[in-house]
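Q: Hi, I'm new to this one. Could you walk me through it?
A: Happy to, here it is.
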Amino acid sequence: MRVVALYRHPFKSFSAEPCDALEIVADGRVLGDRVLGFRFNDAGPPDDVEWRRKTWFASLQHTPALARLRCGYDPATRRAWIKFPESDELVEGSIDEPGDRLRFEHHLNRWYAELDGTPSAMGRRKLPLRLVGNGTDGRFHDTSAGLTTLHSRESLSDLAKAAGMSAISELRFRSNIAIEDCAPWQEFTWIGRKIRIGEVNFKVRKTVVRCLATHVDPASSDRDIDVMGTLTRIIGQDEPQFAVSLIAQNPGTINIGDKVAVTAAD
């Protein structure tokens, strides 16, 4: 088994950044992953970065149009960029400059306020969206543990077959690591076991339960596939699950092409 793709997601719920390598830092998280987010104004002041549920953020779960945004972040230079759809408007700047952070907020809120069906449009949350995060600490994962996630291309192909599709983009699952050369759903049998990928040892914690965000096509932003229903009604899972979460045992680097070695449970 080997690594075939690596991703990080600097802005919570925004587009993925394909990477040649991922660095696992001392706290066990992926460097530059979920280090920024746009949070509703009624969630608290921007300097309060305690973990919050995704419902307090601009999130694919309730705002599919976010899939059309393109973004990136360089942890070394601490500069970020967001490209808006239709107009191809590009906003970029330093996350350490208050004026640049305000520009990110201004352009995002102007675009977001025009969308229908959002929590703010329905009166459930209050604008403006505030840019939160220091660009270093990965605080904005769907769970407070902030774990690395992995899926196999074989499981992805089996899901596509069950859904009656020729292929499904793995980007909709927002994993950090994609592997291949194993049996479909084999990664689910690794719960509680240890694996080594590149320089990093992990313990496989549990499967990842999915939400409506996975129904969104990452290219078009259409809700085009009932992923949750396919996983439960067709594949027969008790809960809709895809990918597994990993607890890093040490810092290190993972590269595309690295082998995946599985050891016995504790």
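A: One term to start with: a polar contact is a pair of N or O atoms within 3.5 Å, where one must be able to donate a hydrogen and the other to accept it. Also, please keep in mind that this is a predicted model.
Q: Thanks! So which side chain does aspartate 33 make a polar contact with at 3.3 Å?
A: That would be the side chain of histidine 141. Another polar contact, of 3.4 Å, links the aspartate 33 side chain to that of asparagine 176.
Q: Where is aspartate 33, by the way?
A: Look in the loop between β3 (21–24) and β4 (37–40).
Q: Is aspartate 33 buried or exposed?
A: Buried, because its relative accessible area is 0%, and buried means under 20%.
Q: And what does aspartate 33 touch?
A: Leaving out residues up to four places away in sequence, aspartate 33 touches Arg8, His9, Gly138, His141 and Asn176.
Q: Switching to pockets: how much space lies in the largest pocket?
A: About 580 Å³. Its lining has 30 residues, and those nearest the centre are Asp142, Thr143, Val208, Val209 and Arg210.
Q: Which element gives the largest share of that lining?
A: β12 does, with five residues.
Q: How do the lining residues of the largest pocket divide?
A: There are nine nonpolar, twelve polar and nine charged residues.
Q: What volume does the second largest pocket have?
A: About 180 Å³. It is lined by 14 residues, with Ser15, Ala16, Ala67, Leu171 and Pro218 closest to its centre. By class, that lining has nine nonpolar, two polar and three charged residues.

How values were computed
Residues numbered from 1 in each chain as written. Predicted model: local features only at pLDDT ≥ 70, side-chain atom pairs only at ≥ 80, totals over all residues. Heavy atoms only, no water. 1 Å grid on protein atoms, 1.4 Å probe; cavity = no way out; pocket = protein on both sides within 12 Å on 5 of 7 lines; lining within 4 Å. Points joined across faces, edges and corners; volume = space filled by probe spheres on them. Helix = DSSP H or I, 4+ residues; strand = E, 2+ residues; numbered from the N terminus. Nonpolar A, V, L, I, M, F, W, Y, C, P; charged D, E, K, R; others polar. Buried < 20%, exposed > 50% of the residue type's maximum accessible area, 1.4 Å probe, protein only. Contact = heavy atoms within 4.5 Å.
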